[in-house]
Every structure is written in C-alpha cells, then in structure tokens.
Amino acid sequence: MNITDVENISKLAKLKFSDEEKKKLEHELSDILNYVDQIKNLTEKSEIKLSEDPDALNILRDDVAEPLAAPEKFLEQAPGREGDFVKVKSILE
Amino acid sequence: MELHELTVKEASEKLLNKEISAKELSGALLDRAKTLDKDLHAFLAFTEERAKQDADSADAAIKQDRAMPLTGIPYAVKDNILIEGIQATAGSKILENYKATYTATSMKRLMNQLPVLIGKTNLDEFAMGSSTENSAYGPTKNPYDMSRVPGGSSGGSAAAVASGQALFAFGTDTGGSVRQPASFCGVVGFKPTYGRISRYGLIALGSSLDQLGIFAKTVEDVALIAQTVSGPDEYDSTALNKPVADYTSLLNNDVKGMRIGIPKEYFASGIDPEVEKIVKDAIKRFQDLGATVGEVSLPHTEYALATYYIILPVEVSANLSRYDGQRYGFSAPGKTLEEVYVNSRSLGFGAEPKRRIMIGTYASSAGYSDAYYKKAKLAQQLIRKDFTDAFEKFDLLITPTTPTPAFKLGEKSDPLSMYLADIFTVGLNIAGVPGISIPAGMTQSGLPVGIQLVAPHFAEEKLFTAGHAFQKSLDQKFKPTLTK
C-alpha cells in the first residue's frame with residue numbers, strides 16, 4: 001500500500017485526507033493488511049460450500065408495501081428541505 | 001442492600017411485593033448517576049423524562065397486578081440501538097443530531113414488559129473498537145479503576161451495569177463488543193447465536209456478524225432478558241424461525257455429566273498469567289460441579305482475527321456508504337453533490353471508521369476481492385466447521401474472554417494492537433455460535449476477569465445452565481471501587 005493506493009481508494013470511498021493523514025494511513029493500512037495477509041496461507045479446500053450451512057437462509061415476508069405512518073419525522077431529519085422534498089445538490093450538471 | 005446493588009430478579013421481587021416503587025428505584029439510580037457519571041461517562045444521554053413516564057406506567061401495572069418480570073426495572077441502551085424519538089449517535093459526530101425514526105424489534109419486545117429506560121450509553125464510534133476510546137464524545141472509564149478502559153465497543157453499557165446506574169443494559173456484539181467489556185467490568189455479557197435475536201433497529205456495522213447483546217449482574221437475569229427479546233422478526237430476514245426455549249425454567253438443570261471442551265489454541269501464548277490461573281480455577285470448579293472436561297482443537301483459530309478484519313471492513317464500507325449528508329445526520333456544505341458527500345463523510349467520521357472503510361474498499365475492489373474477501377469467506381466456513389466438529393464431542397467450550405484484564409486508557413495507540421484485544425471473542429462471531437462472559441475472579445490489583453463459555457448454534461440454554469451453576473458456586477462479590 002503506497003500513497004497512490006491511499007489516494008485511489010479514498011476516491012472510491014468518498015473520503016478526503018490531508019497529506020499528513022495520507023502518510024499515517026499508508027503506514028496503518030499496510031500494518032493491517034500485512035496482518036490479514038496470513039489468510040493467503042490457507043490452502044484452497046473447495047469441498048466446503050456455503051449451501052451446506054443449514055442456517056444460511058433468508059426468512060422473507062410478502063413483498064407488500066406498507067403506508068409510511070409519519071413522513072414528517074423522516075423529513076425533519078433532512079439537512080436540506082423544500083416542502084415535502086429533501087433538497088440536494090443537482091445530480092446532473 | 002442498596003437499590004443500585006440489586007439484581008433484576010431481586011428488584012423485581014421488591015417491586016411486586018410493593019416494598020419499593022418503580023419511581024423510587026429509577027429515581028435512586030438517576031440521582032446517583034448525576035454525580036457518579038461525570039467521571040465515569042458511561043452515558044451519552046440520560047432519558048429522565050422518558051424514565052418518569054416509564055416508571056408511571058410500571059407502577060400503574062404493578063398496582064393493577066398486571067406486572068411482568070421486567071416491569072419497573074431500570075435499563076440502559078447502547079447508543080447504536082434505535083428507540084423512536086430518542087437520539088442514536090452511534091458514538092459518531094455524523095449522527096450527532098439524529099433522532100431515531102423507529103424502534104428496534106428487540107426493544108419493542110422488551111418494552112411490552114414495561115421496564116424503565118435510564119439512558120443511552122457510550123460506545124466506540126459505530127461500535128468499532130475495544131475500549132470506547134474511539135467514541136467521538138470522549139471515553140468511558142472502568143468502574144474498577146478510572147485510569148483504565150471499560151472495554152468496548154459496548155463499554156458504556158458494561159460500566160453502567162457494573163456501577164449500578166442500570167440493572168441491565170443492551171449492547172451489540174460483532175467481534176466481542178459485549179463479552180470483552182463484560183469481562184473488563186465484572187458483569188455478565190451475552191452474545192446469542194447469529195439469527196437468534198432480530199437486528200432490526202441496530203445501526204449496522206458488519207451485518208453478517210452483528211448481534212444484540214445483554215449485560216446484567218447475573219446469568220439468571222440475562223436468561224430472562226434473552227427469552228424476552230429472542231425470536232423471528234418479519235423485519236429481519238436473518239432472524240431464524242427457531243423455537244426459543246424457556247431459558248429461565250432450564251437454569252437449574254444439572255451440570256453433572258456436561259462435557260466441557262478446552263480449546264487448546266486459546267491457551268497457546270500471550271495470556272496474562274493471572275487470567276490463565278483464574279480460567280484454570282474455573283475449569284476445576286466445573287469439574288467439581290460434575291462436568292467432565294477434555295482438550296479439543298479448533299485448528300483454524302489462528303485465522304479468526306484476520307478473517308474478521310477482512311469480512312468486517314468490507315461490510316463496513318458498504319453499510320457506512322449511507323452516511324452521505326443528504327437525508328439525515330451531519331451535512332457539510334459543498335459546491336457539488338460529490339463535494340457534499342466527501343466533505344460530510346470526511347468531517348463526520350472519526351479515524352477508525354475511516355480506516356475500516358478504506359480497508360474494506362480495498363479488500364472488495366476489483367483485483368483484490370478474490371485474494372481477500374473470497375478467501376476470508378472460505379476461512380469462515382473452516383472456522384465454523386472447527387466449532388461444529390468440537391460440539392460433536394462437547395456440550396460447551398470454555399476459554400478466557402480476553403488475554404488480559406482491562407488496559408490503561410491510551411495504552412493501545414496503534415490500531416492493530418487494539419484489534420488483538422478481541423482475539424478470543426471474534427471466532428464466535430465468525431462461526432455464528434453463542435457465547436457468554438461470566439466474572440470468574442479478580443487480579444491482585446483488583447481488576448475483574450471473565451471466562452467465556454461457548455455453545456452450539458441455538459443452544460443458548462446450555463450457556464445459561466452452566467453459567468448459573470458456576471455463578472451460584474462462586475463465593476465472590478464483584479463490586480467496583482469507583483476510585484480514581
């Protein structure tokens with residue numbers, strides 16, 4: 001992990017960092033990745049499949065829309081608002 | 001005995017016998033908290049108005065003889081669990097002014113019994129950490145030694161119960177965040193099987209690992225609360241439709257003949273000698289109670305923490321993408337939509353969430369996901385199989401909860417050394433099995449130490465039966481000094 005990697009990943013993650021923070025992250029993220037790299041020592045044992053886990057299932061309810069009881073309590077949380085709409089910056093420039 | 005020293009069961013008896021009222025009980029705890037919590041900082045907010053209303057409802061129910069076992073009992077809730085109309089900061093600046101718009105299913109089930117909400121407790125930001133030092137609102141201290149951490153991420157809830165500011169509390173446990181602080185604070189901390197309790201209304205960290213957890217002074221209290229909040233939920237597709245046993249009626253089952261496995265990898269190295277001694281004494285105690293013990297191997301244990309720090313950050317990077325300054329929470333100005341996203345997230349998140357978002361984004365990006373994420377999911381299956389294999393020969397496993405007692409504030413300054421504090425607890429989340437930390441002894445310097453019991457998937461009752469017998473046989477009081 002180098003500074004360029006940090007910059008590229010931060011773009012994907014929608015985060016920005018100062019040069020000092022980038023240097024610190026380069027060091028910290030490298031340490032963490034070095035540690036988790038031990039996972040690569042695991043030799044492939046493809047006979048274990050997720051489908052063999054009896055509890056790996058989803059319990060789904062019927063796909064029926066429910067009325068929203070009080071839109072106001074959601075709207076009042078919005079940082080920007082215009083009437084019954086959440087106000088955001090234009091998406092297409 | 002003073003009111004704050006009562007267990008849930010003892011307090012319930014006093015309430016039902018009308019020796020005390022719910023108003024007196026919660027009032028006494030809140031009064032005490034006002035001075036005590038200035039230094040301890042277990043709470044991010046006290047919900048005094050709500051507590052008054054809850055206590056009135058409880059007292060009315062008691063008067064009309066329709067009280068239930070948790071009616072009138074004061075409790076605390078980690079600030080990443082939603083209760084409608086009440087703050088839920090998740091310990092982050094990005095949710096500083098957020099008020100929950102709905103109530104978690106588990107909390108709804110609890111509230112049917114009319115307990116009394118005391119407040120919302122401190123945590124590491126978005127439950128990322130093992131000390132509460134990552135909270136954007138300052139750390140919680142350990143009630144046994146104010147220069148030490150209470151553990152984390154649910155350190156506020158653990159400290160609240162240990163210091164008698166609440167008689168029970170909820171936390172969340174993704175890698176040890178209930179069991180580790182329970183061990184550090186001398187209380188019982190329980191993490192159920194993945195799928196046992198609904199996650200609806202818990203602010204998501206790692207969705208495939210997160211579970212609600214419970215803190216109380218006794219295993220008996222935890223069993224009662226677990227029974228109240230467990231079960232399927234139409235709002236959580238992972239909450240499985242498996243019957244919930246009547247845990248409290250199974251508490252006095254015999255421990256005689258129980259087979260308890262000692263996973264040798266959990267005693268390999270790096271354990272504090274005093275912790276090791278306390279765990280070994282606990283094993284002897286289980287033998288004295290009639291259990292048979294034997295060594296067992298969980299051969300992929302060495303991969304558990306690495307597996308966790310791949311799967312968890314990948315899920316974090318997805319789960320935390322919703323905090324973008326648009327619909328709720330902190331929003332920083334910017335000239336374009338992209339700038340609002342980036343500025344809000346960069347100013348709103350603290351250092352640890354940013355690190356984990358970065359790791360997760362990296363490990364799930366094209367070209368790396370096979371080497372990291374896919375491999376970690378394979379390791380997860382192997383770790384899970386280690387546990388299911390071990391449970392063919394054993395009813396329970398016993399391990400230390402943590403390698404050391406509570407460490408000093410500021411002691412673990414680099415992220416990796418903090419991650420290692422969860423080395424004995426993460427395996428259970430990876431495998432999905434339930435576990436409980438129970439206070440088992442004290443170090444020479446007066447710090448509590450917990451043992452961890454582990455049960456097969458959906459066999460929580462075994463934890464409660466063995467844990468209850470252990471606690472009854474242990475003639476030791478865990479009472480914090482609350483000294484600086």
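**Close-up views of a predicted two-chain model**

**Figure 1. Helix α5 of chain B and its buried residues.** In this predicted model, the buried residues of α5(B) are Gly155(B), Gly156(B), Ser157(B), Ala158(B), Ala159(B), Ala160(B), Val161(B) and Ala162(B). Helix α5(B) spans residues 155-162 and is mostly covered, as 8 of its 8 residues are buried. After the helix comes Gly164(B), a residue with a positive phi, near 75 degrees.

Figure 2. Gly152(B) is placed in the loop between β3 and α5 of chain B. Is this glycine buried or exposed? Gly152(B) has 34 other C-beta atoms within 10 Å, and a residue counts as buried when 20 or more lie within that distance; Gly152(B) is therefore buried. Leaving aside residues up to four places away in sequence, Gly152(B) touches Leu123(B), Asp124(B), Gly129(B), Ser130(B), Ser131(B), Thr132(B), Ser177(B) and Pro181(B). Asn122(B) is 30 residues from Gly152(B) in sequence, while their C-alpha atoms are 9.3 Å apart in space.

**Figure 3. The open sheet of chain B.** The sheet is built from 11 strands in the order β1-β3-β2-β4-β6-β5-β10-β11-β9-β7-β8, and their pairing is mixed. At the edges stand β1 (43-46) and β8 (292-296) of chain B, each of which pairs on one side only. On average, neighbouring strands of this sheet are turned by 30 degrees against each other, direction ignored.

**Figure 4. Pairing of strands β10 and β11 in chain B.** In general, strands of a sheet pair through backbone hydrogen bonds, and the pairing is either parallel or antiparallel. In which sense do β10(B) and β11(B) pair? Strand β10(B), residues 435-442, and strand β11(B), residues 448-454, pair in the antiparallel sense over 7 bridges. Met442(B) stands opposite Pro448(B), a residue of β11(B).

**Figure 5. Packing of helices α10 and α13 in chain B.** The axes of α10(B) and α13(B) are 9 Å apart, and the two helices pack at an angle of about 130 degrees. They are therefore oblique to each other. The crossing in which α10(B) passes α13(B) is left-handed. On the side of α10(B), the contact involves Ala304(B), Thr307(B), Ile310(B), Ile311(B) and Val314(B). These residues meet Tyr372(B), Tyr373(B), Ala376(B), Ala379(B), Gln380(B) and Ile383(B) in α13(B). By class, the contact between the two helices has 9 nonpolar and 2 polar residues, with no charged residues.

**Figure 6. Contact between chain B and chain A.** Here 47 residues of chain B are in contact with 35 residues of chain A. At least two residues of the side of chain B that touches chain A come from each of α10 (304-319), α11 (337-348), α12 (351-363), α13 (370-393) and α14 (415-419) of chain B. Which helix gives the most to this side? Helix α13(B) does, with 8 residues. By class, the side of chain B that touches chain A has 24 nonpolar, 16 polar and 7 charged residues.

**Figure 7. Elements of chain A.** Chain A has 3 helices and 2 strands. From the N terminus on, its elements run α-α-α-β-β. Of the 93 residues in chain A, 10% are buried.

How values were computed: Residues numbered from 1 in each chain as written. Chains lettered and ligands numbered in written order. Predicted model: local features only at pLDDT ≥ 70, side-chain atom pairs only at ≥ 80, totals over all residues. Contact = placed C-beta atoms within 7 Å. Helix = DSSP H or I, 4+ residues; strand = E, 2+ residues; numbered from the N terminus. Nonpolar A, V, L, I, M, F, W, Y, C, P; charged D, E, K, R; others polar. Buried ≥ 20, exposed ≤ 12 C-beta atoms within 10 Å, placed from the backbone. Pairing = 2+ DSSP bridges. Axes fitted to C-alpha atoms, helices over the stretch in contact; angles between N-to-C directions. Parallel < 35°, antiparallel > 145°, perpendicular 65-115°, else oblique. Left-handed = near helix turned anticlockwise from the far one by under 90°.
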